[in-house]
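Take a look at the structure below. We will walk through it step by step.

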Amino acid sequence: MTFIGLNHYLVVAAIVFVAGVFVMMTKRNAIGILIGVELVLNAVNINLVAFGRYHSTGSVDGRILALFVIVLAAAEAAVAVAICTNFYKNLATIDVDRGDAAKG
Amino acid sequence: MSWYEQFLVIGTLLPLVSFVLLVFFGHRLGKPNSGWFAVAGMGISCVLATIVLAGWHGLDPAEQAELQAGAYRFEWASMGDMPITLGVKLDSLTVIMFFMVTFVSFWIFVFSIGYMSGHSDEIDGQSKYHRFFTFLSLFGFSMLGLTVSSSLLFLFVFWELVGLCSYFLIGFYFDKKFASDAGIKAFVVNRVGDFGFLFGLMMVFTFLGTLDLDQAAREFAFQYEAGSGVFGTTINLFGWEVSGMTLATLMGIGLFCGAIGKSAQFPLHVWLPDAMAGPTPVSALIHAATMVAAGVYLVARVFRLLTPDAQLFVAVIGCITLTMTALIAIVQTDIKKVLAYSTLSQLGYMIFGLGVGAWVAALFHLMTHAFFKAMLFLGSGQVIEGCHHEQEITKMGGLRKKMPFTCWTFFVGVLAIAGAGIPWTSLGLGGFHSKDEILAVALQRTDYWPPEGVEAHHAAAPVDDGASYLLVSGSNQEGGGQAHGQPGHGEAQPGDQGQARHAIPPDAHTADQAAGAHGVDQHSLLALASGTKKLPRWMFWLPVIIAYVTPFYMMRVWWLTFMGKPRDEHVYEHAHEMKLMYVPLIVLAVGTAFASYWIFRPMLASAAPAATDATLIVGIDGHATDAGHAAGLMMPHAVHSNLAPIVGFAFVVGFVAAWLIYRNGLALATQISRMPVIGFFHRILVQKLYFDHVYNFVWVRGCQGFAWLCRLFDTYVIDLFFNLAAKITERFSAFSGWILDAEGVDGVVNGVADSMLKLGDTVRRPQTGRIRNYVLFAAGSAAVILLGILIGVRL
């Protein structure tokens, strides 16, 4: 068995992060973008916990910060869904490409 | 200034005062009052004139000469160092002329009050009553100013003023085209004469150095003796060399041209018949008595500046005029036109008389003519008024019963103009004395008269006889005056400047000594006088023949108007007389009959020597023998006696001829006028010798043609140039507008705007409004920065 160290967790977090950014960049569905946001936040959480397990000396800072991030992600998801609801109310669609009224 | 001059000046200015007041208040004064106002002005002038006349008449010649020499002058202005003096010329001629003008004017003003009340406020209410008297007053002032002026310059000023008033008054009914045309014609023709007059005036000023009448004459005499000045200069006139006597003659002819225009001589006579378009009092005053007399007055005044050739020219013009116009008068049917042509003919007599040297006779004729012609015109005015504006004698007839006063005063005028009287006595009216004397002088100047009179008489005449002393060297008059004035006068008289060379030793009592002081041989002066050309015979016979024609046409018009049977019942029925209008007629008739011979003539005779400078240039009455006659410049009895059978009964012949032809009306005359040869002449005369037609064709159409040519030049040459310039400017501005404005300025501005737009477009491209793109940019930028930091740390 290969020894699973910090790097493996960082790579996984990076992959999830990039996936989340990629989803944010490419999805036309508003909910899809939210999913991408969740992915990014989760990647951040993985990173935080990994660094808390392998690089800290018994402190719980990493794990506490991860808790904060989870709560904030939840709150932010609630607000984002409210925004999406409004978006749907105004534009009758959740295709974000239709919301280009701010086009210059 | 002695009281004579003061009265004359006041008398001249009074009509001016009434003119000014009538201009401002005439409208308010209204119908009869403005007339009475003008009459008052002229009336006071008349009274002053009478006082001056009476006073002057009582003086003896020496006192008169003294007053004359000391007459008021002041320097009005100066051109460089040549002073121009203005003053009053105090002279018997001035006094009589002044009296005549004021007297005749006064009675004509009175007549106008009645006449114009029916003849003004015509169609559009413009010919207002007060306007008439305004102009009449201005005319009175101008004419009187002309009479008393001592300087040719101011005489010219008043000359023009008189012409201007004539224009106003002829064109009084200016809403009628023929009246306003007549006014313009009068003024323009007058102007033509004035052109020559100005020419003469300029020559006088250039060569004689002064425009004062007395000084100019003295200077002229001096230059003749010395052969200097005008006699010594040569000028180049359009390539001809003119000098000496010819130049002096040209000067005299120039001055005479003014008289040709003003006194309507041939060829400028055409304005006078048309001037009858004005109201009748205007015709009476201006075109019979005064304004046309101004020309004769001028010639009389500048008589001393005329050379024998110039005088011959004057006489020829006068002769042609008197003949031509008398013939035209025979066939005229408008009563005013007959009188107009008669005036022209009598003016011709006056000018002719002046030309042959009968100075006294011509001016005497002027005075009597003024009276009886004014009366004749006023009488015709009565007739026209009474016949309700009917002017053709073909429609009149038998008016004697309806208008007795007019008829018989008119008859007195006819007698006067015809020269009726009893030959070989002094009983006669007007023309009997004056015309006779003119013809007598003319006879003497022809070669009918034995020429041995001159030298023999003069050689025999004792020189210190008072009369021939006056006659032989006229400049002695001034010499005597100057000598009288010089010692005891502290102030320099203006006439003395530069004239010192004329000073005659005060004790020069004989002509010899006087001439010796001048340094000239006395006999040479006399030789010139006697050598003056003899007149050609036709210049004597034509006036004689016309002396037969004049009574003919006057009797014709009188008979056809007043006698016989009425030719138009309608006109006859309404004929009537007005009292205010026949009083002047009676006064003028009396004046014609009586005053002239016994008062005017001797006064004129006393004015003559100083005014004519008898020997110097003109050898007129060199045949005067008796001492008593010399001062009067009258003819010896022999001449009158020879003349009497020729012209003494002319009036009888004329009257009888007219009576024979016209006693039954116009039928016989019309028959005669249809006969072949006579018919031809009749036609020409009715057309007034085609003068108007010729002048119209040559001058009027000529001017219009010239104006048309000028218009062509204007349109095609000048306008072409300007249009071209405008086009070039317009093209250039379009071009510059295109280059500078459209391409240049606009290009820059638009270019800036365009680039801004492009910049904006470029800048706005990232603003897609799509969230995905924004996320991409954000992530991409973050990645780039991280990479950058990584590489930077690595490096």
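A residue counts as buried if 20 or more other C-beta atoms lie within 10 Å of its own. Keep that cut-off in mind. This model is predicted. In chain A, buried residues make up 14% of the 104 residues.

Now turn to the fold of chain A. Chain A has three helices and zero strands.

Next comes its overall form. The C-alpha trace of chain A spans about 50 × 25 × 25 Å along its principal axes. The radius of gyration of chain A is 17 Å, while a compact globule of 104 residues would have one near 13 Å. What share of the contacts with a separation of 6 or more in chain A links residues 24 or more positions apart? That share is 49%.

Chain A also touches chain B. The contact takes 13 residues from chain A and ten residues from chain B. Which helix gives the most to the side of chain B that touches chain A? Helix 32 of chain B, residues 771-794, does, with five residues. The residues on this side of chain B divide into four nonpolar, three polar and three charged.

Strand 1 (residues 73-79) and strand 2 (residues 82-87) of chain B pair in the antiparallel sense, over six bridges. B:Met79 has B:Met82, in strand 2 of chain B, as its bridge partner. Two residues lie between these strands of chain B. In the turn, B:Gly80 has a positive phi of about 70 degrees. In a regular strand, side chains alternate between the two faces of the sheet.

Notes: Residues are numbered from 1 along each chain as its sequence is written. Chains are lettered from A and ligands numbered from 1 in the order in which they are written. This is a predicted model: local features need pLDDT of at least 70, side-chain atom pairs count only at pLDDT 80 or more; totals for chains, interfaces and linings use all residues. Two residues are in contact if their C-beta atoms, placed from the backbone, lie within 7 Å. Helices (H or I, at least four residues) and strands (E, at least two) are DSSP runs, numbered from the N terminus. Ala, Val, Leu, Ile, Met, Phe, Trp, Tyr, Cys and Pro count as nonpolar, Asp, Glu, Lys and Arg as charged, and the others, Gly among them, as polar. The radius of gyration is taken over C-alpha atoms; the globule rule is 2.2 Å times the number of residues to the power 0.38. A residue is buried if 20 or more other C-beta atoms lie within 10 Å of its own, exposed if 12 or fewer, and partly exposed in between; C-beta atoms are placed from the backbone. Two strands pair if DSSP finds at least two bridges between them.
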